[in-house]
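Work through each task with the structure open before reading the solution.

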Amino acid sequence: MQISFIPFDYSSFDWQGRNYVAVIGRDDKGKRACIVDSFEPYFWAVLKDGVSSKKTDELQKKIEKIKVEMPGRTTVVEKTELCKKKFLGNDVQAIKVFITNYKDAHAVADKMGFPEIEARREYDISFITRYIIERKLIPLSWHKISGELVGANDFGGIETGLDVDICLKAEKIEIQEKSDDKKFSPKIMAYDIEADEFEIGKGEIVMISMFSGNFKKVLTWKKSPAKTDYIEYCKDEADMLEKFAGHIKKESPDLLVGYFSDGFDLPYLRARAEHNRVKLALGLDGSQPTFARGRIPSGKIFGIVHVDLLRFIETVYSQYLQSETLSLNEVATELLGESKKNFEFKHSRKIKEHEWKDYFEYNLQDSVLTYKLAEKFWYDMLEFSKIIQEPLFDITRDGMSQLVENHLLHNLDRFNEIAEKRPLHDEIEHRRGREKYEGAFVFQPTPGLYENLAFFDFTGMHSSIIISFNLSKSTLLDKKEKNCYESPELELEGKKTRFYFSKKEAFFPALLKEIFEIRKGYKKELKENPDPIKKARSNAYKLLANASYGYLGFFGARYYSVEAAASTLAFVRKYNKEIIDKVNKAGYPVIYADTDSVAFSLGKKTKTEALELLKKLNSELPGIMELELEDFYKRGIWVTKRTGEFGAKKKYALITEKGKLKIRGFETVRRDWCRLARELQNQVLHKILTEGNEKSALEYVKNVIKKVKDRKADKKEILIRTQLKKPISEYKSITPHVIAAKKMEEAGMPVDVGMLIEYFIAETHETKKLVREKVKLPDEKGEYNIKYYLEHQIVPAVENILEVFGISKDELLGKEQKKLGEF
DNA sequence: GTTAAGGCCATACC
DNA sequence: ACCGGTATGGCCTTAAC
């Protein structure tokens, strides 16, 4: 029989010592299907140059005798094939080594230490990735699958107890052209738990909420008078866990989405199920969730894609968010305009009868928000999965470099390339230990207020350089050749040098070019005709292109190349400086520049003239490099560093003619300054940039200073928030936020790595000199320290800005110091 | 015991 | 371990007196 099929979940299983995959998806009528499939697993032995055909024959025979015994199975080399391939861009002879079980690829490769073999490769590619490459069953794309129905006794009875409508053994897989036209909306269910303790498994789970659009439910085993349609009372915790699994089976979602659920909800559920000795049968085959090890364990459920939305947002979207943390509340407020319900967390013992209803609502709301965010990010997940060709489960958890690498792996066969290996421990250590290479150039600005500015910047500068000069590991030459690309002079490991790159087409720059051009196309289409799918697709290509440069210098990369990374930056410096020179010579004084941008004064020249200059600059750029207008600005301000008289880099504020502010680097945009200082600075910048002088700003500053002195500042405005980046015990330097974290721990509050620690600086006894000795938690009794807030928050936030107008630090401080003495 | 340099630390820019 | 280097600035630690 034949079906239309869209795959979204991939798992592997062994039967009679061989590997199989079970792919879960839907057909075009919305029925759930499982495709059982397999392929002949293999890896590669790349031969040294000039091995004779006689030697090759002998070698193949030797390899074909290899056998490894494993508990419960025997893997042999089934057959070998001699092929013409490419490895790092070079033509090579390679032996394709087919083996019984892919799990033993490494063990077989280990037995192949023959002198004719240059390298053994591709035994370290994940089985699912390998499967997708071999059989081209692309995640979230429509396929036509023909095959036989799987019977009750096939594959050790996998079909029995598998909750699907159709189970097919694939024979032929064809991708459907124009599959884009066919819509697929997955059934999404969001979930959230509330527990009595934050430590995984330590307390009891009090309630579980679920939401999937038309289905809403809060399960609890606590007794309360609250009665609403969605509350379901259970006998005890064990009963609640089983009912949870029951509802998931009945509702049958494709995606089960949580927020921080890899780190909290799912492991907690698993731990409580174990504690209660019940089975948490969430998988379509009745299996329990499993956890893949990693920096953060990843919770996998057979047949249902478990997505921890936080992880996806972290890697692909956090750079676009204004939110200071990625908490569900902040992210939902920013993206949905909807927030969590107010409920002050407490142990269930302490919850009063009438409060339970609020607690249930709170719990449900978390699922509702998670669900709405998942809907919002669906197109992004879909596009990433389709473009990278990796399952949803993986693309929602991979870091940017992993995404870049997987995109490469899925496209290497188009170049007949054998993949490079993943670096091993020693190699990683070595890479991490190397000296840093020189980065981009940042222009030293002259402090001042400027009028009528233009900003130019390079579009995708790093990518366009990698593409234009064919930079990569496989194009790096040992020495200068005729007709090659030559990097500008650069310093690496203390030596001045240059690198040379071949002009021959190579997979890394070629694939990047493809990404770059496709993105350009979608960006243009999007301008003319916006739609969310195109937007998500354009963004996915953009992120992929932007991460490619970082990938070159990432120690974990298969195609790591310091030479290519350092050369990229040498070109970045060269072209940024060249543009600065040319802009200056054209009669526009350059005010500032950083990496890929240049800001300059228009003076008496017009915008049209500036755009003419842009055209001219572009005509002189090599390859696909391109400079574009970022914007014109009415005014801009640059200030001095706190120490010294030079202009501070990466710190400026601009205003457009329409009055839109662009603030970079100032305390206003830093989350570790108190709100009062940030808001004050924001107002001061706004006033100065709108009005062109400091008059009303100065007035405003004085009022705030008075407010602080009169103790009129609100507690919320003076709280300082700093992130705890590692466990308290690992801090060498005990800073105020570490003290605050310690205090929280003592008070029995949860303290986790990654948390934003809130505190304020209080009035204390004179003998306490250090700032950390004055630290108090928000709820602690005490007045804020007037001297500290004036001298360390309020004045520092504005002194450098007012200094531009000749209001010196001494003047500002001197005036205030006398008054400060009163306290 | 005081002070200044250096280091640790968090955060931002691109 | 999960993209790079450049830069600011606060506060603590430590060396030198």
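**Exercise 1.** Decide whether strand 31 (residues 756–761) is largely enclosed by the rest of the structure.

Solution. The model is predicted. A residue is buried if its relative accessible area is under 20%. Five of the six residues of strand 31 are buried, so the strand is largely enclosed by the rest of the structure.

**Exercise 2.** Find the pairing partners of strand 31 and the sense of each pairing.

Solution. Begin with strand 30, which pairs with strand 31 in the antiparallel sense over four bridges. Here Tyr759 of strand 31 stands opposite Ile720. Next take strand 32 (residues 775–776), whose pairing with strand 31 is also antiparallel, over two bridges. Phe760 has Lys776 of strand 32 as its bridge partner.

**Exercise 3.** Which atoms of Lys650, Gln723 and Lys725 lie at what distances from DNA strand B?

Solution. For Lys650, a polar side-chain atom is 3.0 Å from a base oxygen. For Gln723, a polar backbone atom lies 3.1 Å from a phosphate oxygen. For Lys725, a backbone N or O atom is 3.5 Å from a phosphate oxygen. Strand 28 (647–655), strand 29 (661–664) and strand 30 (720–723) are the elements giving two or more residues to this surface.

How values were computed:
Residues are numbered from 1 along each chain as its sequence is written. Chains are lettered from A and ligands numbered from 1 in the order in which they are written. This is a predicted model: local features need pLDDT of at least 70, side-chain atom pairs count only at pLDDT 80 or more; totals for chains, interfaces and linings use all residues. Side-chain values use heavy atoms; hydrogens and water are left out. A polar contact is a pair of N or O atoms within 3.5 Å; within protein, one must be able to donate a hydrogen and the other to accept it, and residues adjacent in sequence count only if both atoms are side-chain atoms. Buried means under 20% relative accessible area, exposed over 50%, partly exposed in between (1.4 Å probe, protein chains only). Two strands pair if DSSP finds at least two bridges between them.
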